[in-house]
Amino acid sequence: MVSANQEMVVFCFDTLVAHYNNQEPPPPAFDQAHHPLFVTWKKVVNGGDPRLRGCIGTLEARSLINGLKDYALTSALRDRRFPPIQANELPLLECTVSLLTDYEAAKNYLDWEIEKHGIIIEFSDPVYCTRRSATYLPEVAANEGWTKIEAIDSLIRKSGYNGPITDELRKDLQLTRYQSTLFTMNYREYVSYVKERRGEAPILAAAKSPN
């Protein structure tokens with residue numbers, strides 16, 4: 001099984017830096033494989049803990065090279081919850097690559113473990129008669145300090161459902177649980193890696209001093 005590693009995160013930073021420089025990123029330093037994956041960007045605000053800045057991925061297996069290249073940019077620039085990340089934010093960013101594994105159909109909406117499992121829910125919206133779905137990665141519920149029911153209810157809202165959340169609705173959820181490997185690196189660590197491996201720091205032509 002392929003695990004998330006620092007070279008994958010470096011490639012995501014390389015891809016974002018290359019985007020701002022209107023260039024192609026350097027070739028990645030990891031082997032090709034196929035995996036479901038997510039790329040998460042967080043930003044340090046006022047010296048505090050990093051806050052979510054973008055997170056998008058795919059629950060279907062993708063080529064790691066093309067998938068990470070696509071979702072590094074999509075999560076940074078096209079997550080509808082946030083404005084696009086600007087070049088001057090780069091020094092404040094950290095990036096996490098998650099590779100998803102071990103998909104299992106759960107027995108019910110509580111048949112999963114906080115911090116161990118990511119969850120996917122699917123259900124029929126009783127108001128609009130449409131199918132809805134959403135997912136949280138394994139670390140989300142623990143990071144937010146949620147109980148299982150709080151995580152489920154938040155995920156129902158994330159799916160776009162705005163009606164009443166009842167126990168009947170929860171019991172009707174189709175839940176798939178999964179696990180993941182992940183690797184996180186901040187921009188300073190990325191710069192150190194590039195200096196050591198390539199002999200010079202990454203150059204960002206478009207950067208201005210971050211706020």
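Q: Buried means under 20% relative accessible area, exposed over 50%, and partly exposed in between (1.4 Å probe, protein chains only); by these cut-offs, is alanine 18 buried or exposed?
A: The model is predicted, so local features need pLDDT of at least 70 and side-chain atom pairs count only at pLDDT 80 or more, while totals for chains, interfaces and linings use all residues. Residues are numbered from 1 along each chain as its sequence is written, and side-chain values use heavy atoms, with hydrogens and water left out. Alanine 18 belongs to helix H1 (residues 6-20), where helices (H or I, at least four residues) and strands (E, at least two) are DSSP runs numbered from the N terminus. Because its relative accessible area is 4%, alanine 18 is buried.

Q: Which residues does alanine 18 contact, leaving aside neighbours within four places in sequence?
A: Contact means heavy atoms within 4.5 Å. The C-alpha atoms of alanine 18 and isoleucine 203, 185 residues apart along the chain, are separated by 9.3 Å. With neighbours within four places set aside, the contacts of alanine 18 are Gln23, Glu24 and Pro25.

Q: In what order do helices and strands follow one another along the sequence?
A: The protein has 6 helices and 6 strands. Its radius of gyration, taken over C-alpha atoms, is 18 Å, close to the 17 Å that the globule rule (2.2 Å times the number of residues to the power 0.38) gives for 211 residues, so the protein is as compact as a globular protein of that length. Read along the sequence, the pattern is α-β-β-α-β-β-β-α-α-α-β-α.

Q: What percentage of the contacts with a separation of 6 or more join residues 24 or more positions apart?
A: Of the 211 residues, 46% count as buried. The C-alpha trace spans about 60 × 40 × 30 Å along its principal axes. Among contacts with a separation of 6 or more, the share from residues 24 or more positions apart is 72%.

Q: Which elements do the buried residues of helix H4 pack against?
A: Helix H4 covers residues 148-158, and its buried residues are Ala151, Ile152, Asp153, Leu155 and Ile156. After H4 comes glycine 160, whose phi is positive, near 105°. The buried residues of H4 pack against strand E4 (118-125), strand E5 (130-136), helix H3 (140-144), helix H5 (167-171) and strand E6 (174-186).

Q: Which residues does alanine 141 touch, not counting those up to four places away in sequence?
A: Alanine 141 lies in helix H3 and is buried, with a relative accessible area of 5%. Its C-alpha atom is separated by 6.8 Å from that of glutamate 115, 26 residues apart along the chain. Beyond four places in sequence, alanine 141 touches Trp112, Ile114, Trp146 and Ala151.

Q: What is the phi of asparagine 46?
A: Most residues other than glycine have a negative phi. Asparagine 46 sits in the loop between strand E1 (34-44) and strand E2 (50-63), and it is exposed, with a relative accessible area of 78%. Although asparagine 46 is not a glycine, its phi is positive, at about 55°.

Q: Where does cysteine 129 lie?
A: Cysteine 129 has a positive phi, near 55°. At 70% relative accessibility, cysteine 129 counts as exposed. Its place is the loop between E4 and E5.
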